[in-house]
Amino acid sequence: MQAAEATKLQQQWKAKGSPPCEHPRLAKEYYLSSQTGDKVCMTCGEDFSPAELKQMGR
Ligand SMILES: [Zn+2]
């Protein structure tokens with residue numbers, strides 16, 4: 001998923017009042033054609049660094 005798309009999702013999620021999200025589906029984050037190394041939740045748009053992902057066991 002593009003980083004810009006993730007930002008848009010985050011805004012939409014915030015507009016819904018930021019309900020809790022279990023982050024059921026994570027996608028690799030891209031900035032243009034390069035991977036950022038982070039993953040983003042396809043539901044709420046939150047991004048996670050590799051360290052955070054490791055901590056979450058994802
Ligand atoms: Zn989420």
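The chat below walks through a predicted model, its zinc site, its sheet and its cores.

User: Before we start, what are the ground rules for this model?

Analyst: This is a predicted model, in which local features need pLDDT of at least 70 and side-chain atom pairs count only at pLDDT 80 or more, while totals for chains, interfaces and linings use all residues. Residues are numbered from 1 along each chain as its sequence is written, and side-chain values use heavy atoms, with hydrogens and water left out.

User: OK, which residues coordinate the zinc ion?

Analyst: The zinc ion is held by Cys 21 (SG), His 23 (ND1), Cys 41 (SG) and Cys 44 (SG), at 2.0 to 2.3 Å. Donors here are N, O and S atoms within 2.8 Å of the metal (3.2 Å for Na, K and Ca), and water is not among the atoms, so sites may look incomplete. Along the chain, the donors of the zinc ion follow the spacing C-x1-H-x17-C-x2-C.

User: And why is the arrangement called tetrahedral?

Analyst: The arrangement is tetrahedral because the four donor atoms subtend angles of 105 to 113 degrees around the zinc ion. Four donors count as tetrahedral if all angles lie between 85 and 135 degrees.

User: Is His 23 buried or exposed?

Analyst: His 23 is buried, with a relative accessible area of 12%, where buried means under 20% relative accessible area, exposed over 50% and partly exposed in between (1.4 Å probe, protein chains only). Both Cys 41 and Cys 44 are buried as well.

User: Where is His 23 found?

Analyst: His 23 is found in the loop between H1 and E1, and it has a positive phi of about 50 degrees although it is not a glycine. Most residues other than glycine have a negative phi. Ser 18 lies in the loop between H1 and E1 too, with a positive phi of about 45 degrees although it is not a glycine, and at 42% relative accessibility Ser 18 counts as partly exposed.

User: What about Glu 22, buried or exposed?

Analyst: Glu 22 is exposed, with a relative accessible area of 71%, and it is found in the loop between helix H1 (3–15) and strand E1 (26–31). Helices (H or I, at least four residues) and strands (E, at least two) are DSSP runs, numbered from the N terminus. Glu 22 and Cys 44 are 22 residues apart in sequence, with their C-alpha atoms 9.2 Å apart in space.

User: Switching to the sheet, what is the strand order?

Analyst: The order is E1-E2-E3 in an open sheet of three strands with antiparallel pairing, and two strands pair if DSSP finds at least two bridges between them. E1 and strand E3 (47–48) stand at the edges, each with a single partner strand, so one side of each is left without a neighbour in the sheet. H1 packs on the sheet, touching E1, E2 and E3, and the direction of H1 makes about 125 degrees with that of E1. Such axes are lines fitted to C-alpha atoms, for helices over the stretch in contact, and angles run from 0 to 180 degrees between N-to-C directions.

User: How many bridges join E1 to E2?

Analyst: Five bridges join E1 to strand E2 (residues 34–41). Ala 27 stands opposite Val 40 in E2, and the bridge partner of Leu 26 in E2 is Cys 41, one of the zinc ligands. E1 and E2 form a hairpin with two residues between them, and Leu 32 in the turn has a positive phi of about 55 degrees.

User: And how many join E2 to E3?

Analyst: Two bridges join E2 to E3, and these strands run antiparallel. E2 and E3 form a hairpin with five residues between them, where Gly 45 in the turn has a positive phi of about 80 degrees.

User: Last topic, which residues make up the largest nonpolar core?

Analyst: The largest nonpolar core has six residues in all, namely Trp 13, Cys 21, Cys 41, Cys 44, Phe 48 and Leu 53. A nonpolar core is a set of buried Ala, Val, Leu, Ile, Met, Phe, Trp, Tyr and Cys residues joined through side-chain atoms within 4.5 Å.

User: What is Val 40 in contact with?

Analyst: Leaving aside neighbours within four places in sequence, Val 40 is in contact (heavy atoms within 4.5 Å) with residues including Met 1, Ala 6, Ala 27 and Gly 45. Val 40 counts as buried, at 0% relative accessibility.

Conventions
Four donors count as tetrahedral if all angles lie between 85 and 135 degrees; four count as square planar and six as octahedral if opposite donors are over 155 degrees apart and all others between 65 and 115; anything else is irregular.
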